[in-house]
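This report covers confidence, strand pairing and charged side chains. Please keep the sequence and the coordinates open while reading.

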Amino acid sequence: MTNAQAVAATLRAIRAKLDLTQEELASRLGVSFATVNRWEGGSNMPQKAARETIAALAAEAGIDSGEPSAETGTAAAQVTRRRRERGASSAPSTKTMEQMLWDAACSIRGEKDAAKFKDYLLPLLFLKRLSDVFDDEIDRLAEEYGDRATALQIAESDHALLRFYLPPEARWAVISGRSSYDWPDDSLGHTTRPKDTGQHLTMAVRAVARQNPSLVGVIDVVDFAAERNGERDIASAKLSDVIEIFSDPRYRLGLADVQPDFLGRAYEYLLRKFAEGSGQSAGEFFTPTEVGLLMAHIMRPRPGEECHDYACGSAGLLVKLQIVARELEPTSRVPLKLYGQELTAESYAVAHMNAIIHDMTVEMARGDSMINPKFKTSDSKLRTYDVVVANPMWNQPFNPDLFSEDPLDRFRPQGGITTGKGDWAWLQHTLACLGERGRAAVVLDTGAVTRGSGSKNEDKERNIRKWFVDRDLIDGVILLPDNLFYNTTASGVIVVLSRRKPLARKDNIVLVDASRRVEKGRPKNFVPSDAVRSIASAYLAGEPIAGEIAVITKLDAEGADYNLSPSRWVGRSTTAAVGSVRDLLAEVMRLEDESASLTEKISSLLKAVRDAA
């Protein structure tokens, strides 16, 4: 028996001894239900801290966690055998999952523009995930009630036993044709059997939404049977190809088959592939993974903190905050409180899917956060948070007349109302969203930290920067490598704000030039994961590093007319000593003499060879 199987056996023995459900055991251990399910499946090994907690609980139950009983060992073996029988393999690699997604996209190539692929693939991928999780939960009930048929019967009578209830026609085995389903007749005695795959998929996602109100407007946003000018948008044969690709047993998406962030990374791969050729809107939809992780590592969110993204897109930045929070406090049972607002209906739906895929709860609202922020207090003021992360539209046009009488008073008292571009208006909105000890990381165009500095004319952006610097609200600026984002080849910056800096950082601004921490990729560059952690650690340390980090004071910033570009402050010159011009000329002359001497010797040797010939 492997170590993972031994832990799985111990967990099952604990549940049996203490009469706990998986949910109750998860609560006792301070982890999610999905995590316990993976551990009991024997596919994941808990970290040391979690194993110590399990050992303590085993001791409480009177179980020797080091020597599982034959009974519990048999139970673990049965779980492993069941997974093998249904075709499950070890968790697939990211590359394998990426291949599945790309194969699926290619299977409908030509039917829809590339930017529209995701409209059809993501709801299908989400439905497959829900179906596989549904099967896992039925297996769990079968363990408690004796067999799968009884478990299904119990689940039909009490949907609350499951996270999401899937009606028979929406289960993947029926959709893929691997199981049959007796379609009922309607009130007129006509069969409800769909005519083709497109109609079946539309009926399936709508049935799931009816049974699970929280998924309304999330999974049912696409009509797979939609027609235009008498022709289907996507032929049923193409949809059948996608279903067959997703049905490959190597790509099972159940609770015990994928790592906590595995599907999210594959999910982002799909968004990124569509973003590559889809222009600005696709770039707004996707923030590169490494940028999101860097922001999360710098924010270092703590259990229970309230976190907000007012331009959340697919909710990727919020997801990464939770991932880093779990990494920092692996045994904590207190999740982050996540809030996101998104303008577009498509991104709003995807954000819901992404949160559910990661077993996270995100309170979502739709709307333009600049014009109509939805998260407010009972007295109609902006709600404030411990952490704010965002990647709003860069250089967005900003009409000062529209906000001259801002009811939330975000601009005039915080440096004034900007003109032209809205980058600093977003930072003013960010500041208004921060609590007394709040901190934020916002991605903007590099021009946001330089425009107006050194100009003879009065500049609104420069004045707002001055206001932020004078009040010691800017903790730092990080210059990112170029060709990283999918809507531009230009580099961006992360502006870090802090309402209450640590004493050691007061009146200072940490400027990081991370442009060298890049590896070339096609079509976009990327920052390796180890470099992300290194950059975050160096930033948090706040000490100067030649060629990478400069620490300036408020007086330094004032002397530069509030130009906060890291490239202005972080030296790029080599540290090698070059000596005086006289010494250099003498060295050049010495080398020339040496070269002439060598040439003369080579000529003599060649002459001797010719004479001998």
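Why does Asp 470 count as partly exposed? Its relative accessibility is 32%, so Asp 470 falls in that class. The classes are buried (under 20% relative accessible area), exposed (over 50%) and partly exposed (in between), with a 1.4 Å probe and protein chains only.

**Basis and confidence**

This is a predicted model: local features need pLDDT of at least 70, side-chain atom pairs count only at pLDDT 80 or more, and totals for chains, interfaces and linings use all residues. Residues are numbered from 1 along each chain as its sequence is written, and side-chain values use heavy atoms, with hydrogens and water left out.

The protein chain averages a pLDDT (the predictor's confidence in each residue, from 0 to 100) of 83. At least 70 is the score of 82% of the residues. A contact means heavy atoms within 4.5 Å.

**Strand β9**

Helices (H or I, at least four residues) and strands (E, at least two) are DSSP runs, numbered from the N terminus. Strand β9 spans residues 434-445. Of its 12 residues, 10 are buried, so β9 is largely enclosed by the rest of the structure. Strands pair if DSSP finds at least two bridges between them. Strand β6 (residues 385-390) runs parallel to β9, joined by five bridges. In this pairing, Val 387 stands opposite Arg 439 of β9. Strand β11 (residues 492-498) pairs with β9 in the antiparallel sense, over seven bridges. Here Val 443 stands opposite Ile 494 in β11.

**Salt bridges**

Side chains of opposite charge can pair when their charged atoms come close. The cut-off for a salt bridge is a side-chain nitrogen of Lys or Arg within 4 Å of a carboxyl oxygen of Asp or Glu. The whole structure holds 24 salt bridges.

| Pair | Closest N and O atoms |
|---|---|
| Arg 451 and Asp 423 | 2.6 Å |
| Arg 451 and Asp 445 | 3.6 Å |
| Asp 470 and Lys 466 | 2.7 Å |

Arg 451 forms a salt bridge with Asp 423. That pair links distant parts of the chain: Arg 451 sits in the loop between β9 and α18 (460-470), Asp 423 in helix α17 (residues 423-432), 28 residues apart. Both Arg 451 and Asp 423 are buried. A network of salt bridges links Asp 423, Asp 445, Arg 451 and Glu 461.

Asp 470 and Lys 466 lie in helix α18, four residues apart, about one turn of the helix. Lys 466 has 30% relative accessibility, so it counts as partly exposed.

**Glu 342, without a salt bridge**

Glu 342 belongs to strand β4 (residues 337-342). Glu 342 is buried yet has no salt bridge. Arg 366 is the nearest side chain of opposite charge, 7.4 Å away. For charge, Lys and Arg count as positive, Asp and Glu as negative; His and the chain ends are not counted.

What lies 2.7 Å from a polar atom of the side chain of Glu 342? The backbone nitrogen of Gly 313 does. Among the residues in contact with Glu 342, beyond its neighbours within four places in sequence, are Ala 311, Tyr 348 and Met 364.

Conventions:
A polar contact is a pair of N or O atoms within 3.5 Å; within protein, one must be able to donate a hydrogen and the other to accept it, and residues adjacent in sequence count only if both atoms are side-chain atoms.
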